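Here is a friendly walk through one protein chain, topic by topic. Keep the structure open beside the text and look up each part as it comes.

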Amino acid sequence: MPVPLLDLKLQYATIRDEVLRVTSEVYDSQYFILGKRVDDFERDFAAYCHSRYAVGVSSGTDALLIALMVLSVGPGDEVIVPAYSFFATAGVVDRLGAIPVFADVALDDYNIDPAKIEALITPATKAIMPVHLYGQCAAMDEINRIAAKHKLPVIEDAAQAVGAEYDGRRAGVLGTMAAFSFFPSKNLGAFGDAGAVTCEDEATYERLIDFRVHGMRPKYYHRYVGGNFRIDALQAAILHVKLAHLDSWAEGRRRNAAAYAELFADTALGDRVILPRELPRRRHVYNQYVIRFTDGGDTRDRVMSHLKSVAIGCDIYYPLTLPQQECFKDNLSAGGQFPSSDLAAAQTLAIPVFPELTKDQMAEVVREIGKALN
Ligand SMILES: Cc1ncc(COP(=O)(O)O)c(C=O)c1O
């Protein structure tokens with residue numbers, strides 16, 4: 001039985017009529033840039049995140065970039081980021097001429113280890129940027145405590161974490177600003193690239209609005225150098241349709257995670273396979289379901305080859321840590337030790353968890369993993 005890592009067509013089939021209706025309304029209006037569709041989506045997305053403001057932007061990468069620009073991060077500044085994340089987390093820092101300073105992650109949740117942060121703070125530090133990796137919030141109390149002590153802003157990289165919660169508060173209100181990605185494979189996925197930034201502070205919101213259109217206010221008068229970071233009205237219209245379904249999709253992912261826990265418990269694999277663990281006070285939304293093989297050697301790669309040979313989708317997020325990336329070979333902090341990040345990169349594998357997955361498919365995935373490990 002083939003099992004894809006993600007099957008977006010199944011989800012689309014359930015919302016096709018609604019999507020075709022709103023997209024055809026946008027076509028008929030011939031109104032494509034910002035406007036009511038974007039305003040409506042931003043209002044409801046902010047509410048979904050428990051946040052006061054949301055600003056739709058062109059991608060999750062641009063959401064991170066514009067957040068740093070709003071904070072005036074520039075050449076020589078340092079931003080503390082986890083050593084293990086998608087590239088954009090560190091890439092946006094470097095693009096502004098600033099220096100990503102890498103902190104190791106904790107293996108409990110693959111998020112930045114708060115105990116590693118304070119030693120990295122210098123007079124040049126401008127922000128701390130935790131990532132809520134795979135859909136589970138980082139240790140925000142500890143991070144915010146350190147940030148407050150050093151008067152530093154916190155940017156949540158919430159690209160994978162729409163709807164994730166920490167103490168009942170959602171990703172999006174746990175720092176100074178939060179960046180979301182609506183890349184199609186994300187829990188809330190556009191039909192192309194899109195993203196958003198949330199914030200609580202009105203002045204920050206106003207700056208985000210200005211930086212999204214070349215730092216312009218009023219028209220053709222530029223106070224800052226921003227960029228074209230606009231979200232398309234078409235994407236906003238589609239995302240607005242999808243937002244109404246997001247809670248039920250998140251519940252589907254959570255249900256599947258619970259089913260995997262039962263299925264793995266029935267095997268004799270024990271600690272040879274470490275499952276994702278929802279930490280206390282968190283609501284995990286399982287943008288990915290990432291397991292770790294502790295046998296060492298090339299176990300993870302052998303399991304992956306076996307799953308692929310039986311048409312079970314799986315993928316490695318991410319094969320290298322950020323400090324191991326060639327483009328960061330001259331980064332001073334990349335010379336440090338990141339043992340947990342190294343293990344995460346060497347031992348983890350994402351398996352299917354999308355909401356429409358069936359119990360039989362999950363049982364098949366677990367069975368084939370067991371065979372690969374025997
Ligand atoms: C942790 C993280 N940060 C940033 C991004 C960048 O988002 P996008 O692909 O929408 O630019 C992603 C998405 O891939 C991500 O997973």
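The briefing below goes from the domains to the helix pairs, the ligand and the backbone.

This is a predicted model, in which local features need pLDDT of at least 70 and side-chain atom pairs count only at pLDDT 80 or more, while totals for chains, interfaces and linings use all residues. Residues are numbered from 1 along each chain as its sequence is written. Helices (H or I, at least four residues) and strands (E, at least two) are DSSP runs, numbered from the N terminus.

- Where they touch, domain 1 contributes 37 residues and domain 2 contributes 34 residues; two residues are in contact if their C-beta atoms, placed from the backbone, lie within 7 Å.
- On the side of domain 1 that touches domain 2, at least two residues each come from α1 (8–29), β3 (99–103), β6 (165–166) and α7 (233–243).
- Strand β3 gives the most to that side of domain 1, with 4 residues.
- By class, that side of domain 1 has 22 nonpolar, 7 polar and 8 charged residues. Here Ala, Val, Leu, Ile, Met, Phe, Trp, Tyr, Cys and Pro count as nonpolar, Asp, Glu, Lys and Arg as charged, and the others, Gly among them, as polar.

**Helices that pack together**

- Two packed helices are described by the angle between their axes and the distance between the axes. Axes are lines fitted to C-alpha atoms, for helices over the stretch in contact, and angles run from 0 to 180 degrees between N-to-C directions.
- Angles under 35 degrees count as roughly parallel, over 145 as roughly antiparallel, 65 to 115 as roughly perpendicular and the rest as oblique.
- A crossing is left-handed if the near helix is turned anticlockwise from the far one by less than a right angle, and right-handed if clockwise.

*α3 with α4*

- Helix α3 (residues 60–70) packs against helix α4 (residues 88–95) at about 45°, and their axes are 9 Å apart. The two helices are therefore oblique to each other.
- The crossing of α3 and α4 is right-handed.
- Gly60, Thr61, Leu64, Leu65 and Leu68 of α3 make the contact with Ala88, Thr89, Val92, Val93 and Arg95 of α4.
- This contact of α3 with α4 has 6 nonpolar, 3 polar and 1 charged residues.

*α2 with α7*

- Helices α2 and α7 pack at about 40°, with 8 Å between their axes, and are therefore oblique to each other.
- The crossing of α2 and α7 is left-handed.
- From α2, Arg37, Val38, Asp40, Phe41, Asp44, Phe45 and Tyr48 meet Ala233, Ala236, Ala237, Leu239, His240 and Leu243 of α7.
- The residues of this contact of α2 with α7 divide into 9 nonpolar, 1 polar and 3 charged.

*α8 with α11*

- The axes of α8 (residues 246–265) and α11 (residues 359–373) come within 10 Å and cross at roughly 45°. That makes α8 oblique to α11.
- The crossing of α8 and α11 is right-handed.
- Asn256, Ala259, Tyr260, Leu263 and Phe264 of α8 make the contact with Lys359, Met362, Ala363 and Val366 of α11.

**Around the ligand**

- The ligand is surrounded by 15 residues, and the closest are Ser59, Gly60, Thr61, Ala159 and Ser181. A residue is near a molecule if its C-beta atom, placed from the backbone, lies within 6 Å of it.
- Both α3 and α4 supply at least two residues of this shell.
- By class, the shell around the ligand has 5 nonpolar, 8 polar and 2 charged residues.

- Most residues other than glycine have a negative phi, and most peptide bonds are trans.
- Arg217 and Pro218 are joined by a cis peptide bond, with omega about -10°. Pro218 lies in the loop between α6 (202–212) and α7.
- Tyr317 and Tyr318 are also joined by a cis peptide bond, with omega about 15°. Tyr318 lies in the loop between α9 (299–309) and α10 (339–347).
- Gln30 is not a glycine, yet has a positive phi of about 55°. Gln30 lies in the loop between α1 and α2 (36–48).
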